[in-house]
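Hi everyone, thanks for coming.

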Amino acid sequence: MKSERNRTITINNEEINELNKYINKIDDINNTFNFINKVINGNTIEIIKYIPDNFADLIIIDPPYNLSKNYNGYNFHSMKRNEYIDYVNQWLPIVCRKLKDNGTLYICCDWKCTSEIYECLSKELTIINRITWQREKGRGSKNNWKNGMEDIWMAVKNPKNYTFNVNSVKIRRKVVAPYKINGEAKDWEKTIDGNFRDTYPSNFWDDISIPFWSMPENTEHPTQKPEKLIAKLILASSNENDIVFDPFLGSGTTCVTAKKLNRKYRGIELNEKYCQYSIKRLLDANENKIIQGYNDGIFWERNTLVQQKKMKK
C-alpha cells in the first residue's frame, strides 16, 4: 500500500477495458482514419508508413537509448555503435518526412548515444542547437561519475523558416542584485515577495526534475520525461492548434502536455500498458491543465512554489 503522499498514477483492473476503448490499433487504420488526437498502440516502424508526410508542425522523439532497459516486459538491449545506428536509421528518416517544411524536431539522448543520434539526424535535417538537461536524479556509481545529463538535439527542415516563440519560454528568476537606472528598475519587477526578472532561456536546463513519486504526473515508466520539459519544447516550437507528434510516446507526456497547451497531438507506443497510462492522463487533462513549474504563462525556477502561490493571489 503506497503512502498518502505518493501520487504516482496507477491503473486498476476495473479501468483497463474502459481505457482500451480510446486506444487505436494498426487494424483501425484505413484511408479515412483521422490521426488527430489519437494514441496508437503498435510498432512505430510498421505504423509510420500509414501517416501522411508533411503533417506535423513539431515532432518530439524520446527513443530507447543505447542501454539495456526493461520497458514493462519489453527488453531493449544495448548494442554496438554501428548496430544502434542501423536501428535508428530504420525509423528516423521516415519520421523526418512527416515534418512540415517549417517544422521542428527534437530528439532526446544521453552521452552514450548522442554521437550516433547526431550522425543520423544530421543526414536528414539541419541541426541548429543542442539542449543539455541536468536532470539531477539518477543512480550513483562507486567507480564512475553519476550520469545526470541528457541531450536534446533541435533540428529543422528550413533554418530560415521555423517557429520559435522565445517570449513563451522565458524563465522568472529572483534578482539578487537588482540594477536600476535613475532609481527605476531595469528589466525586473519589484514585488512584496521579492524582485523578479523574466530571463531569456539558454540551452542548458537545470530547473527541471525528472518525475518522482510525489508528482501527480508520475507513472511507472522507467524513462518518463517531465511535463515541464516537454512544455518548453512545445511552447517554443509550435502554436495553438498545431500538430505535435511523438513516435515513442511512452506513458503519454508529449500528448498530455500538448493537450494542456491547446495543441493537437498524435502518438505511437508499442506497449499497451503505457498507452493506458497515456489515455488516463489525457482524460484527466480534460479538467486538469496544471503543468508543474509553469504558471500563468511563465516558467519559474525551482523552489519558488511559495512565491508562485502568493503572486497568483
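**Cysteines, charges and helices**

Let's start with Cys 109: its sulfur sits 5.0 Å from the closest cysteine sulfur, the one in Cys 113, and that is too far for a bond. To count as a disulfide, two cysteine sulfur atoms have to be within 2.5 Å of each other. In case the word is new, a disulfide is a covalent bond between the sulfur atoms of two cysteines. Cys 109 is also buried, at 0% relative accessibility. By buried I mean under 20% relative accessible area, while exposed is over 50% and partly exposed is in between, using a 1.4 Å probe and protein chains only.

What about Cys 96, how far is its sulfur from the closest cysteine sulfur? The distance is 9.9 Å, to Cys 120, so again too far for a bond. Cys 96 has 4% relative accessibility and counts as buried. Overall, the structure holds zero disulfides.

Before I go on, some housekeeping. This is a predicted model, where local features need pLDDT of at least 70 and side-chain atom pairs count only at pLDDT 80 or more, while totals for chains, interfaces and linings use all residues. Residues are numbered from 1 along each chain as its sequence is written, and side-chain values use heavy atoms, with hydrogens and water left out.

Okay, the overall picture. The chain has eight helices and 18 strands. Those are DSSP runs, numbered from the N terminus: helices are H or I with at least four residues, strands are E with at least two. There are 313 residues, and 49% of them count as buried. The accessible surface comes to about 16,500 Å², and carbon and sulfur atoms account for 46% of that. That area is from the Shrake-Rupley method with a 1.4 Å probe, and for residues only the protein chains shown count as cover.

Contact here means heavy atoms within 4.5 Å.

Now, charges. Side chains of opposite charge can pair when their charged atoms come close. How many salt bridges does the structure hold? There are 18, where a salt bridge is a side-chain nitrogen of Lys or Arg within 4 Å of a carboxyl oxygen of Asp or Glu.

Take Asp 53 and Lys 98, whose side chains meet in a salt bridge at 2.7 Å, N to O. Asp 53 is in the loop between helix H2 (44–47) and strand E3 (56–61), and Lys 98 is in the loop between helix H3 (81–96) and strand E6 (99–109), so this pair ties together parts 45 residues apart in sequence.

Leu 99 is buried, at 0% relative accessibility. Leaving out residues up to four places away in sequence, its contacts include Ala 56, Leu 58, Ile 59 and Leu 125. The C-alpha atoms of Leu 99 and Pro 52 are 9.7 Å apart, and the two residues are 47 apart along the chain.

Another pair is Asp 207 and Lys 232, with their closest N and O atoms 3.2 Å apart. Asp 207 lies in the loop between strand E14 (204–205) and helix H5 (227–237), and Lys 232 lies in helix H5, so parts 25 residues apart in sequence get tied together. Asp 207 is buried at 5%, and Lys 232 is buried at 4%.

Glu 227 is buried at 4%, and Lys 260 is buried at 10%. There's also a network: salt bridges with shared partners join Asp 62, Arg 135, Glu 150 and Lys 225.

Last stop, helix packing. Helix H1 (residues 13–20) and helix H7 (residues 272–284) pack at an angle of about 80°, with axes 10 Å apart. The residues making that contact include Ile 16 and Leu 19 of H1, and Ile 279 and Leu 283 of H7.

Methods:
Axes fitted to C-alpha atoms, helices over the stretch in contact; angles between N-to-C directions.
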